[in-house]
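This briefing concerns a protein model and the small molecule placed in it. Please examine the structure shown here before reading the points that follow.

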Amino acid sequence: MPKDLSHISITRRRFSALTGLLGLVFGFAPGMLSRAIAQVKETADKIIHGKSSEMIIHNAKLGVTETPLELLRKYKHTPKEILFSRYHFPHEGEAAWYGTTEAPPAKLVENWTIRIDGLVKRPRTVTIAELQAMPQEQRISVLQCAGNGRSFYAAKQKVSGGQWQNGGMGNVVWEGVPLKPFLESLEMEPSLSARWLTAEGWDQPATRAGTDFAKSYLIDDEALDHAILALKMNGEPIPAIHGGPVRLIIPGFYGNMNVKLLTVLLFAAEQSPSTYQSVGYRMPLAPVEPDTFGANDYTLENSRPTYGHAIKSVIFSPLPSDSPKSGMTEITGVAFNDGMAPITSVEVSTDSGKSWHTATLEKPESPWAWHYWSVKLQVGAGEQTLMSRATDALGRTQPIDGLARWNPRGYEWNGVERSAVKFS
Ligand SMILES: Nc1nc2c(c(=O)[nH]1)N[C@H]1C(S)=C(S)[C@@H](COP(=O)(O)O)O[C@H]1N2
Ligand SMILES: [Mo]
């Protein structure tokens with residue numbers, strides 16, 4: 001729910017008035033200069049203040065950016081300058097403040113409140129200062145867009161939306177107030193019919209037809225036991241672009257479940273009617289084919305929300321851009337799942353899956369963090385397909401044919417990782 005922020009935002013209108021004026025000064029017809037500016041190749045740092053200019057841009061207007069693996073692999077904890085970013089509504093006008101990797105403006109943080117309401121006897125409103133005074137805990141967790149890897153579904157049929165490769169993820173240190181003890185401490189007495197908790201963000205759709213970004217969770221879901229109301233990311237106040245001043249973090253859950261700019265928590269009997277809960281970010285319960293199931297055919301009955309990360313692994317080295325030499329080669333990468341069971345193995349193949357070799361797994365920092373793995377293998381010259389496959393203690397693994405999980409919105413890609421690399 002937007003508060004009055006007119007004092008800190010520069011609107012698009014003022015920007016175009018300014019370029020129009022400059023145009024007149026330098027003798028261009030009005031509009032020409034802004035067109036000329038638009039033609040300059042857009043880099044992420046121009047769209048989101050503080051982001052690396054090397055980010056891949058999926059949607060300039062909404063600030064949707066992906067991290068190239070060459071950058072992602074450099075850091076154990078993904079820095080704010082290169083962490084992928086995604087909002088559903090443009091950060092312009094009064095929402096301009098969240099288009100930056102800086103902390104949100106102090107004035108806004110001071111006045112920020114979270115309303116906890118719905119099917120409770122005593123609704124409450126909590127300030128950031130109150131949250132800051134409560135005991136804090138750390139969660140190291142992968143943040144990953146449910147659409148990460150969406151581009152790989154194109155081998156069956158391309159689905160619309162950002163064509164993410166593997167860089168719609170990062171490994172992040174979050175810190176904040178544990179959700180369950182927090183809710184209990186408020187003594188609100190939720191009614192027995194309250195089975196769902198709905199989280200809402202401050203951001204609003206650009207048009208009246210749009211619905212709020214709201215996400216719902218079953219209160220009994222074990223994953224909520226680890227959730228925090230995060231105030232810090234990588235040791236500092238959460239950057240506005242990543243949802244500061246406060247973000248709901250549910251470790252092991254896909255990005256969309258981690259509501260940024262948190263303003264409301266609702267106890268409810270049903271899940272939110274927001275399209276982001278009831279149509280978007282869902283997976284069909286049974287396999288579907290492109291010609292029989294469309295992007296708007298989702299119902300609450302035939303699909304489920306994208307909750308926990310489907311187990312997956314990603315190869316960090318060598319990347320095609322490394323132009324490696326043939327011979328004994330160290331192949332490394334990361335693996336992760338929803339944190340509900342330990343990852344027990346990562347296997348690697350250099351011969352298109354004919355033979356598999358067990359990699360060494362490093363002890364992870366937390367059940368939800370990146371699990372680093374590595375293996376040394378002999379690799380011949382020429383183009384080779386490197387593959388990796390993670391498995392956990394529940395026997396969950398990556399499907400050899402990731403396309404079998406094709407779905408019209410392209411979520412939860414976790415097919416066996418395949419990377420074509422040319423060895424000299
Ligand atoms: N308030 C709010 N929270 C949100 C979103 C949003 O549009 N608004 N997008 C979600 C989606 S789809 C993803 S993938 C993550 C992205 O988080 P990041 O920008 O910090 O990487 O935020 C999630 N939380
Ligand atoms: Mo996402």
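The points below describe the domains and the ligand site.

The model is predicted. Its domain assignment gives three units: domain 1 (7-98), domain 2 (106-305) and domain 3 (312-423). Ligand 1 lies between domain 1 and domain 2, because both of these domains give residues to the shell around it.

**Domain arrangement**

- The C-alpha centres of domain 2 and domain 3 are 28 Å apart.
- The contact between domain 2 and domain 3 takes 42 residues from domain 2 and 25 residues from domain 3.

**Shell around the ligand**

- Ligand 1 is surrounded by 19 residues.
- The closest of these residues are Phe84, His88, Asp203, His242 and Lys260.
- Sorted by class, the shell of ligand 1 contains eight nonpolar, seven polar and four charged residues.

**Polar atom pairs at the ligand**

- A polar backbone atom of phenylalanine 84 is 2.7 Å from an oxygen atom of ligand 1.
- In the side chain of aspartate 203, an N or O atom is 2.7 Å from a nitrogen atom of ligand 1.
- In the side chain of histidine 242, an N or O atom is 2.7 Å from an oxygen atom of ligand 1.

- The largest cavity is the space taken by ligand 1.

Notes. Residues are numbered from 1 along each chain as its sequence is written. Chains are lettered from A and ligands numbered from 1 in the order in which they are written. This is a predicted model: local features need pLDDT of at least 70, side-chain atom pairs count only at pLDDT 80 or more; totals for chains, interfaces and linings use all residues. Side-chain values use heavy atoms; hydrogens and water are left out. A residue is near a molecule or strand if one of its heavy atoms lies within 4 Å of it. A polar contact is a pair of N or O atoms within 3.5 Å; within protein, one must be able to donate a hydrogen and the other to accept it, and residues adjacent in sequence count only if both atoms are side-chain atoms. On a 1 Å grid over the protein atoms alone, a cavity is a set of points where a 1.4 Å probe fits but cannot get out, and a pocket is an open set with protein on both sides within 12 Å along at least five of seven lines; lining residues have an atom within 4 Å of a point. A molecule sits in a cavity or pocket if more than half of its atoms lie within 2 Å of its grid points. Ala, Val, Leu, Ile, Met, Phe, Trp, Tyr, Cys and Pro count as nonpolar, Asp, Glu, Lys and Arg as charged, and the others, Gly among them, as polar. Domain bounds come from an automatic or database domain assignment. Contact means heavy atoms within 4.5 Å.
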